[in-house]
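Here is a short report on the structure shown below.

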Amino acid sequence: MTIADAPVQTGTADVAEPGIRARGVRRSFGAVHAVRDVTFDAARGRVTGLVGPNGSGKTTLLLMLASLLQPDAGELRVNGIDPMAEPQAARAIIGWMPDALGAWPSLTARETLQFTGRLYGLSKADAAARAAVLLDVVMLADLADAPARVLSRGQKQKLGLARALVHDPQVLLLDEPASGLDPQARVHLRELLRGLAAEGRTILLSSHVLSELEEVVDDAVFLVAGQTVDAAPDRTATDWRVRVLGGAASGAAVAAALGLDAGLLRVDRGDLIVPFPDDAAAAAGLRALVQADIPVLAFSPAVGSLERAFFDLPGTPSPGTPPPGAPTPAPAPQDGGAA
Amino acid sequence: MSLSRIGALIRLDLTQRVRSVAWYVLLGVFAFLLLIVTVLSFFAFGSTADRGASVYSIVVFFVLLLVVLVSPTLSGNAINGDRDHATLAPVQVTLATTGEIVLAKFLAAWTTGLAFLVVAVPFMAVSLVGGGASGLTMLVSLIVLIVETGVVAAIGVGLSGTLGRSLFSVATTYLVVAAFVFGTLIAFGLGGLAVQSETTYSYRSYVYTDDGDIPDPPVCGEWETYEGTTPRFDHVWWALAANPFVVLADATPVTLNREGYPVDMFGWISVGVRSAQLAPRLETVWDECDRSMQQDDSLTSREILERTAPSWFVGLGIHIVVAGGLLVWGWARTRTPARTLPPGTRIA
């Protein structure tokens, strides 16, 4: 489904500029440093995931990009436009979907979109036409004329997404867009975002659900305690999930085929969790299992690569028990202000 | 400033208001109270010649009272209430500027307040049946009523943009309104009593015989002098100028009846307030022997009005400055991209 037939024409900025550019951005609320040092680019035509624990400054960063909050220091550009210096120009090309579900309770979904369109400068007829298109896009057409107060959380989430798309924005800032959506709506959202990116839009979205983010993002920006950090590139000692016919009972056979001590293997929900030092070792291990005539049903990373990268981040608590003597993670800042 | 965006914002606000049941209940209660007041006024003034004028002025005062009581709840959470419901930021990210948002909120709150005036119109019209109300009085009082409704709306919207908590801003709006309605009265009363002047009262009378008769030829007694104090309301009369009820009364032209008394409540309050401008007599002499020395201090309504200055435009000016100032403050605190946020709030 395309939404390119929107009546708004926007985006006149320098095409060489990335969709979003942040350099050394900082913002504090009193003593709380919500965002300490954020530097990243989000490319046009790609979906960039914003990954970080609670209170890492994701929402504050999105608020600054959406031209609602001033950074204390640093530089932000959206399609080359400074949202602080030219908020009007930036707002014309930015679609922002907040994490809080703010819908006018007594207005219908259709009216909500029409009013929003009017506020983006659409004529009455254009706003009505645009609302009708978007209600179809987000699959809310059958609830178009119900007041927003009767919408479920997921339905409000869809309405929020449609509202962010009213003016056919070139840059989309989505704060937890998938929360509250049912599986079907998530798949639909994924396709929608891929389609929007394919049309050349820049999409930055934050989510806690890493597995879900993994299916839609091209790039990821990791945010820890208000700072962008490089994801650890080393792939050392990662766990792989191995499912064999016969279940965990074949653990000894698997260990033997891999030449490993059976004590290194763990069992999780009937699957074996096998540690390999790196990807090459994992590939060799799979070959060894097949050659040993062990009926392998599945062989996959135990956690997604994003999740793995996330837990490899400095300062992020590891999901397992930290080895003794491991550096204690820096405490994440309290949620304060807009963080 | 875009008129179409302001129009859309006003409609957005009003659409939500007219869909709330509470709003109609409030209008119904308002109409019911007005009905009672109108009927009672007709009974109270039914026998007077200009009962229409009296009833009209009472109805208008009552409308102003209700507007002052109701308007803060209609406007005092306009902006921070939206922030609480997370519906402010989605508007702020559109092309609507902060100025447009604040102005639209103000105009919507004002319009809502004016709906109460519309409900009151039939009751004002009924009072015309009684006769006596002049067209000019009606026109001026209506204009003042409309402006005062806007003043309360602006105070509420301004404070709702300035203060983070909607409950707190509604309460503060009530306090500001109360400062005008009651604070001016308290300032006037206490101020006048606090500044007292010395008065002397001198008198002499005939020396009476033991029978209580005046001897012939009359013999004048000695002068006797008493000292006392008197409150100086003439120094603080301006405190009343900022009272909305005084503004309403003072702005409407006073009509005097054949006996020289005001025909309506506007006139009575106007004359009463204006008389406070007159300095009290500090030296009073009462001489029974010389009738020509005896003074009659009481002035007629017409004399009071002629010797004093109207003050309603000063009061109205103060209201408009305070209301406008609060709107500007609210605008400054709501501006995006925000540098500082009202304490305890999230922007979204």
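D271(A) has a relative accessibility of 3%, under the 20% cut-off, so it counts as buried. The model is predicted. The partner of D271(A) is R241(A): their side chains meet in a salt bridge, with N to O at 2.9 Å. R241(A) sits in strand β10 (residues 238-244) of chain A, and D271(A) in strand β12 (residues 271-276) of chain A. The two residues are 30 apart, so the pair links distant parts of the chain. R241(A) is buried too, with a relative accessible area of 15%.

The pair belongs to a network of salt bridges. Its members are R241(A), R243(A), D268(A), R269(A) and D271(A).

## Other salt bridges in chain A

Over all chains, the whole structure holds 23 salt bridges. One of them joins R21(A) to E75(A), the closest N and O atoms being 3.2 Å apart. This pair also links distant parts of the chain. R21(A) lies in strand β1 (residues 20-29) of chain A, E75(A) in strand β4 (residues 73-78) of chain A, and 54 residues separate them. How accessible is R21(A)? R21(A) has 19% relative accessibility and counts as buried. E75(A) is partly exposed, with a relative accessible area of 31%.

D218(A) pairs with R194(A) in another salt bridge, where the closest N and O atoms are 3.2 Å apart. D218(A) is in the loop between α7 (210-214) and β8 (219-224) of chain A, while R194(A) is in helix α6 (residues 183-198) of chain A. The pair therefore ties together parts that are 24 residues apart in sequence. D218(A) counts as partly exposed, at 31% relative accessibility. R194(A) is partly exposed, with a relative accessible area of 31%.

Chain A has ten helices and 13 strands. It has 339 residues, of which 50% count as buried. Take the contacts in chain A with a separation of 6 or more: residues 24 or more positions apart account for 72% of them.

The largest nonpolar core has 80 residues. Those with the most contacts inside this core are F40(A), L61(A), L65(A), W96(A), L173(A) and I203(A). α6(A) gives the most to the core, with six residues. What does I203(A) touch, not counting residues up to four places away in sequence? I203(A) touches R46(A), V47(A), T48(A), L172(A), L174(A), L193(A), L196(A) and A197(A).

Another core, of 38 residues, lies apart from the largest one. Among its residues are F62(B), V70(B), L145(B) and A251(B).

## A buried arginine in chain B

R274(B) is in helix α11 (residues 265-275) of chain B. Is R274(B) buried or exposed? R274(B) counts as buried, at 9% relative accessibility. A polar atom of the side chain of R274(B) lies 3.2 Å from the backbone oxygen of L305(B).

Leave aside the neighbours of R274(B) within four places in sequence. R274(B) is then in contact with D250(B), I304(B), L305(B), T308(B), A309(B) and P310(B).

## The interface between chains B and A

The size of an interface is often given as the accessible area lost when the parts come together. Chain B and chain A bury about 3,100 Å² between them. Of this area, 61% is on carbon and sulfur atoms. V93(B), L95(B) and P337(B) supply 21% of the area that chain B buries against chain A, more than any other three residues. In contacts, 31 residues of chain B meet 40 residues of chain A.

Between chain B and chain A the count is one salt bridge. R19(B) forms a salt bridge with E111(A), the closest N and O atoms being 2.6 Å apart. On the side of chain B that touches chain A, the elements giving two or more residues are α1 (3-18) and α5 (89-92) of chain B. The largest share, eight residues, comes from α1(B). By class, this side of chain B has 15 nonpolar, eleven polar and five charged residues.

Conventions: Residues are numbered from 1 along each chain as its sequence is written. Chains are lettered from A and ligands numbered from 1 in the order in which they are written. This is a predicted model: local features need pLDDT of at least 70, side-chain atom pairs count only at pLDDT 80 or more; totals for chains, interfaces and linings use all residues. Side-chain values use heavy atoms; hydrogens and water are left out. Contact means heavy atoms within 4.5 Å. Buried area is the accessible area (1.4 Å probe) that two parts lose on being put together, summed over both. A salt bridge is a side-chain nitrogen of Lys or Arg within 4 Å of a carboxyl oxygen of Asp or Glu. Helices (H or I, at least four residues) and strands (E, at least two) are DSSP runs, numbered from the N terminus. Ala, Val, Leu, Ile, Met, Phe, Trp, Tyr, Cys and Pro count as nonpolar, Asp, Glu, Lys and Arg as charged, and the others, Gly among them, as polar. Buried means under 20% relative accessible area, exposed over 50%, partly exposed in between (1.4 Å probe, protein chains only). A polar contact is a pair of N or O atoms within 3.5 Å; within protein, one must be able to donate a hydrogen and the other to accept it, and residues adjacent in sequence count only if both atoms are side-chain atoms. A nonpolar core is a set of buried Ala, Val, Leu, Ile, Met, Phe, Trp, Tyr and Cys residues joined through side-chain atoms within 4.5 Å.
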